[in-house]
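Thanks for coming, everyone. Please have the sequence and the structure open while I talk. I'll go through helix contacts first, then some backbone details, then charged pairs.

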Amino acid sequence: MKKLLAIVLTALSLGITGLAAAEEKPADATPAAAVATAAAPAAAVAAPAEVAPAAVPVPNKGDTAWMMISTVLVILMTIPGLALFYGGLVRAKNMLSVLMQVFVIFSLISVLWVVYGYSLAFTGGSPFIGGFDKLFLSGVTVESLGATFSKGVYIPELVFVVFQATFAAITTALIVGAFAERIKFSAVLLFSVLWFTFSYLPMAHMVWYWDGPDAITDAAALEKVLAGAGFLWAKGALDFAGGTVVHINAAMAGLVGAYLIGKRVGYGKESMTPHSLTMTMVGAAMLWVGWFGFNAGSNLEATGLAALAMVNTLAATAAATMSWMVAEWLFKGKPSMLGAASGAVAGLVAITPACGFVGPMGAIIIGLLAGVICLWGVNGLKKMLGADDALDVFGVHGVGGILGSVLTGVFASPALGGTGVYDYVANAVGEYNMTAQVISQLWGVGTVIVWSGVVAFICYKIVDVLVGLRVPEDEEREGLDITAHGESAYHY
């Protein structure tokens, strides 16, 4: 009887406990899955749920492939493109010296870019130069990402590193055309190191460094980005692919060098005609082909904007080729291969800062103007300046770069077929103020002229004290191929 009573009491106790538990459940109890779905907002208010980690951005393989191809195209521009273009323009006795200078500068700057160049150009620091956070590419791995110009879109940082390395290398190599045929090889190398460090890197940082579009979420975030950006980027200066950073920068250094090193022996008295316009034409053609990577690759994405840059690069260059050739034909009586090749390069230079901001018609106008104005640059202006700029670096790259940079502010206007300037706060193209934009462009032009000119002057003086700038007169007369490198380009 006692056992039976104990069993009954236990059963009653279990029943009461189960009833109490049942009364604690919601009256409209539903299956667990349904509760989880229907009650999610309420649960989030009552007690924060575990937040799933944000998805890590994955670079688009198409963008990545396009940037790798663009990088190879820019390498083609330098070696062999620029080397052959310059080499054909000098006398036969100096052909190898120019090839050697371009080839070795490309190699030297590529190493320096990896060691410290990338860090100083593309990390935060001051408005004028970056820091040492990525010295020796510290922290840059196969997993690290680089921002593009679209929110949420990235490419591998290593691709951005190598793409920008080619810009640094070709810019430094452009300078040698101004003092070709009379400079010491050791002076070329030492100057390249100094100028790359103190002119190219600061200009690249001032024009192109910012935190990327994802950092701009509202007006306050934009102010923060502006405060940490490069000086000229914050000023609003537009330079899609290097009108200031590459062309005016190199041209100023070349012009200063032409003055300080002096004129070639026999300049103005002896014939110094190009020894192989065939080589120059081949080099110009390689420059044109490679420039599609230079300009369209600067979009960092394989999009319609890259296609616009590609169309503009084709149209402006073709227009400049025709305008230079026709102007020369009218004034000199005959169209020349040298004129056509020079016109092409002038068009490429002028469209570089504008290629992603202007429409095709604007590009054609820029090209037509570049052909005629740069023709004046290598004739009338050159005589006015009185410098022996051997291969017309300033007349083409300086004049063309200035023209293209200023006209970017005009033809970027949507009213003239341009893209305008994107507002990352509103996530739309903003209202365009042509006057304000042209002023911003003039800030960029003026800054690079002064910066590169002063830095170049100091660098040349340092080089002159340490190793000397110019070869002896007897070596210059014999030719730098034999005297500097112990070999000849040709054996007849």
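Start with two helices, α4 and α5. Helix α4 covers residues 61-89, and helix α5 covers residues 95-122. Their axes come within 8 Å and cross at roughly 160°. Over 145 degrees counts as roughly antiparallel, so α4 is roughly antiparallel to α5. The crossing itself is right-handed. One caution before I go on: this is a predicted model.

Which residues make that contact of α4 with α5? From α4, we have Ile75, Thr78, Ile79, Leu82, Ala83, Leu84, Tyr86, Gly87 and Gly88. From α5, we have Met95, Val98, Leu99, Val102, Phe103 and Phe106. Sort them by class, and you get 12 nonpolar, three polar and no charged residues.

Stay on α4 for a moment. Which kind of peptide bond joins Ile79 and Pro80? A cis one, with omega at about 15°. Pro80 sits in helix α4. And Ile79 is one of the α4 residues in the contact with α5.

Helix α14 is residues 360-377, and helix α16 is residues 393-411. Here the axes come within 9 Å, and the crossing angle is roughly 150°. Apply the cut-off of 145 degrees, and α14 and α16 are therefore roughly antiparallel to each other. This crossing is right-handed.

Who takes part? On the α14 side: Gly362, Ile365, Ile366, Leu369, Ala370, Ile373, Cys374 and Gly377. On the α16 side: Gly395, Val396, Val399, Gly400, Leu403, Leu407 and Phe411. By class, that contact has 11 nonpolar, four polar and no charged residues.

Next, a few residues in loops. Find Val153. The loop that holds Val153 runs between β1 (145-147) and β2 (154-156). Is Val153 buried or partly exposed? Its relative accessibility is 23%, so Val153 counts as partly exposed. Now look across to Pro59. Val153 and Pro59 are 94 residues apart along the chain, yet their C-alpha atoms are separated by 6.9 Å. Leaving out residues up to four places away in sequence, Val153 touches Asp63, Ala147, Thr148 and Glu301.

On to backbone angles. Glu181 is not a glycine, but its phi is positive, near 80°. You'll find Glu181 in the loop between α6 (157-174) and α7 (185-208). With 2% relative accessibility, Glu181 counts as buried.

Asn427 also has a positive phi, about 55°, and Asn427 is not a glycine either. Its loop lies between β3 (422-423) and β4 (428-429). Asn427 has 41% relative accessibility, so Asn427 counts as partly exposed.

Last topic: salt bridges. How many are there in the whole structure? A search finds nine.

Pair one is Asp388 with Arg264. Their closest N and O atoms are 2.9 Å apart. Asp388 lies in the loop between α15 (380-385) and α16, and Arg264 lies in the loop between α10 (243-261) and α11 (277-296), so this pair ties together parts that are 124 residues apart in sequence. Both Asp388 and Arg264 are buried.

Pair two is Arg477 with Glu270. The closest N and O atoms here are 3.4 Å apart. Arg477 belongs to helix α18 (residues 473-478), while Glu270 is in the loop between α10 and α11. That links parts of the chain 207 residues apart. Arg477 is partly exposed, at a relative accessible area of 42%. Glu270 is partly exposed too, at 38% relative accessibility.

Arg470 is partly exposed, with a relative accessible area of 26%. Glu476 has 2% relative accessibility, so Glu476 counts as buried.

One more thing to find on your screens. Which residues are linked in a network of salt bridges? They are Arg91, Glu181, Arg182, Arg264 and Asp388.

Methods:
Residues are numbered from 1 along each chain as its sequence is written. This is a predicted model: local features need pLDDT of at least 70, side-chain atom pairs count only at pLDDT 80 or more; totals for chains, interfaces and linings use all residues. Side-chain values use heavy atoms; hydrogens and water are left out. Axes are lines fitted to C-alpha atoms, for helices over the stretch in contact, and angles run from 0 to 180 degrees between N-to-C directions. Helices (H or I, at least four residues) and strands (E, at least two) are DSSP runs, numbered from the N terminus. Angles under 35 degrees count as roughly parallel, over 145 as roughly antiparallel, 65 to 115 as roughly perpendicular and the rest as oblique. A crossing is left-handed if the near helix is turned anticlockwise from the far one by less than a right angle, and right-handed if clockwise. Contact means heavy atoms within 4.5 Å. Ala, Val, Leu, Ile, Met, Phe, Trp, Tyr, Cys and Pro count as nonpolar, Asp, Glu, Lys and Arg as charged, and the others, Gly among them, as polar. Buried means under 20% relative accessible area, exposed over 50%, partly exposed in between (1.4 Å probe, protein chains only). A salt bridge is a side-chain nitrogen of Lys or Arg within 4 Å of a carboxyl oxygen of Asp or Glu.
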